[in-house]
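Subject: Two-chain model, handover and findings

Hello,

Here is the structure I promised to pass on. Please open it alongside these notes.

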Amino acid sequence: MDAHVAQLQMQYRNYILSLYQQGFLDDQFTELKSLQDDGSPDFVAEVLSLFFDDCVKLVGNMARALDQTGTVDFSQVGANVHQLKGSSSSVGAKRVKGLCINFKELCEAKNYEGCVRCLQQVDIEYKTLKAKLQDMFNLEKQIVQAGGIVPQVDIN
Amino acid sequence: MVMAAEPQFHVLAVDDSLFDRKFIERLLQKASCQVTTVDSGYKALEFLGLREGFEINDPDAVSTSPVIHQEVEVNLIITDYCMPGMTGYDLLKKVKESSACKNIPVVIMSSENVPARISRCLEEGAEEFFLKPVRLADLNKLKPLMMKTKLKNQKLEEIEAPSKDESGTVAAVVEPEVKDLTEIGIKILPLQSEVEPKQVHLQVVQQEEQTMSNNKRKSVEEGLSTDRSRPRFEGITTAV
C-alpha cells in the first residue's frame, strides 16, 4: 500500500477519534455517516451544510431577540434554541447540543445575562465545529486524491 | 440500482424544518422506502386527497365532479409533532377521521419527551412515537407494519378482482376493476360504502396495486357491497 495514503488515513483516523474524544461529536454523527453511501455520497456534507446555515440563521434571530432595549421575548429566544437543539442533536454536534440544553433553561428562567453569555458560546462553538469538520473533509479529499479510500473509523 | 426483491413502501414524511426533512428522507431511502416530503400538515392532507377536514369525494361536498389529480398509495405517514398551524397531532386526527386514509399507519416524531403528549398520540391512533433524532433502526421496526397494511390491500384487491388467476375467493364485487387510468387521467369516483361498519380485520381498500407496479397509482375507495350509490364511468375496461 502506498505509504503516503496510509499515513493520511492514519491521520484521518486520529483526527476523527480526537473529535469524538474531545466531545465535539457523538454517536449520532456516526449514525449520520452510516447513512451515506454510493447512492448518496455527499449526504453528510449536505446535511452539515444545512445545519451550519441553520446555526447562522438561528443565532442571528436570537441575537436580535436579545438585543431589545426593552422587554426581551424569551419565548422567542427559546423557540430558536429549541430548533437549534433539534438540529445539533440530529447531526451529532455534541457540544452545541449541550449548550442548547443550558440555554433553554436560561430562557425559561428569563436570565438575560446568562442568555447573552450562552449565545456567545454557541456562536463560538458552532464556528469551531465547522472549522474542525472542514479539516476533516479536506483530509478525506486528500486521501481520495492520493488514490486511497476514506477509512471507516470505529469509535469505541 | 438494486432491483428490489422486497416491495417498495411509500412513505409520506411531514416536517416544517428543511433540515429534518432532508434527514428523514435519507433515513427512509436507506430503509428502502420511496419518500415524499411535505412541509406542513395541510400539504400532507392535500397529498392524501383530503382537504380542509372533509374528503374531496365527500357526497356532501359542493362539487361532485371528479377531481383530476394523481394520487399515490401511501403506506405510512411519519410526521413531526411540533409544526406551526397544524400540528402532527392535528394531522393524525384528520387522517384517522378520514375513511379513505384511516388505515394508513401514522408515526409521530418529536424532539421532546413529554409522556402526556406521547400517550395522547397513541390514544388517537398513532402506531409509534419516535424521539428525535430518529434512527434507521426505528424505521426498520416499522416495516412489518407497512408490510401488513400493504398485504391487506393486495389481498382485498385479489378478492375484488376474481378475474385474476390467483384469487380463490369470489366476493360480492364482480365488476371489472380499472387498473390504470393514468393514460386517461381520470380518477374513479369512490363508492361511498353503505355497508355495515367493517370489522377491524377487513380494512377498506385504499388503493389498488398492480402486480407489475409502477410509480403511478390511483386511489380508490371501495366498499364491499354491490350497492353502488355513485355513478361509475362506463365502458372503461381493465387495462392490465
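A residue counts as buried when its relative accessible area is under 20%. By that cut-off Glu112(B) is buried, and so is Arg117(B). The two side chains also meet in a salt bridge, at 3.3 Å from N to O. Keep in mind that this is a predicted model.

Now the interface. Chain A contributes 22 residues to the contact and chain B contributes 14 residues. About 1,600 Å² is buried between chain A and chain B, and carbon and sulfur atoms give 60% of that area. On the chain A side, Glu31(A), Leu35(A) and Leu50(A) lose the most area to chain B. Together they account for 31% of what that side buries.

Six salt bridges are found across the interface of chain A and chain B. Polar contacts across it come to 10 residue pairs. In chain A, the elements that give two or more residues to the side touching chain B are α2 (27-34), α3 (43-66) and α4 (74-91). The residues of that side divide into seven nonpolar, eight polar and seven charged.

Over all chains, the salt bridge count is 15. One of them joins Lys127(A) and Asp123(A), at 3.0 Å from N to O. Both residues lie in helix α6 (residues 112-145) of chain A, four residues apart, about one turn of the helix. Lys127(A) is partly exposed, with a relative accessible area of 44%. Asp123(A) is partly exposed too, at 21% relative accessibility. In chain B, a network of salt bridges links Asp15(B), Asp20(B), Asp80(B) and Lys132(B).

Last, the aromatics. There are four aromatic pairs over all chains. The ring centres of Phe51(A) and Phe52(A) are 5.1 Å apart and their planes stand at 55 degrees, so this pair is tilted. Both Phe51(A) and Phe52(A) are buried. With Tyr126(A), they form one aromatic cluster.

Best regards

Note on methods
Residues are numbered from 1 along each chain as its sequence is written. Chains are lettered from A and ligands numbered from 1 in the order in which they are written. This is a predicted model: local features need pLDDT of at least 70, side-chain atom pairs count only at pLDDT 80 or more; totals for chains, interfaces and linings use all residues. Side-chain values use heavy atoms; hydrogens and water are left out. Contact means heavy atoms within 4.5 Å. Buried area is the accessible area (1.4 Å probe) that two parts lose on being put together, summed over both. A salt bridge is a side-chain nitrogen of Lys or Arg within 4 Å of a carboxyl oxygen of Asp or Glu. A polar contact is a pair of N or O atoms within 3.5 Å; within protein, one must be able to donate a hydrogen and the other to accept it, and residues adjacent in sequence count only if both atoms are side-chain atoms. Ala, Val, Leu, Ile, Met, Phe, Trp, Tyr, Cys and Pro count as nonpolar, Asp, Glu, Lys and Arg as charged, and the others, Gly among them, as polar. Rings of Phe, Tyr and Trp (its six-membered ring) pair if their centres lie within 6.5 Å; planes under 30 degrees apart count as stacked, over 60 as edge-to-face and the rest as tilted. Buried means under 20% relative accessible area, exposed over 50%, partly exposed in between (1.4 Å probe, protein chains only).
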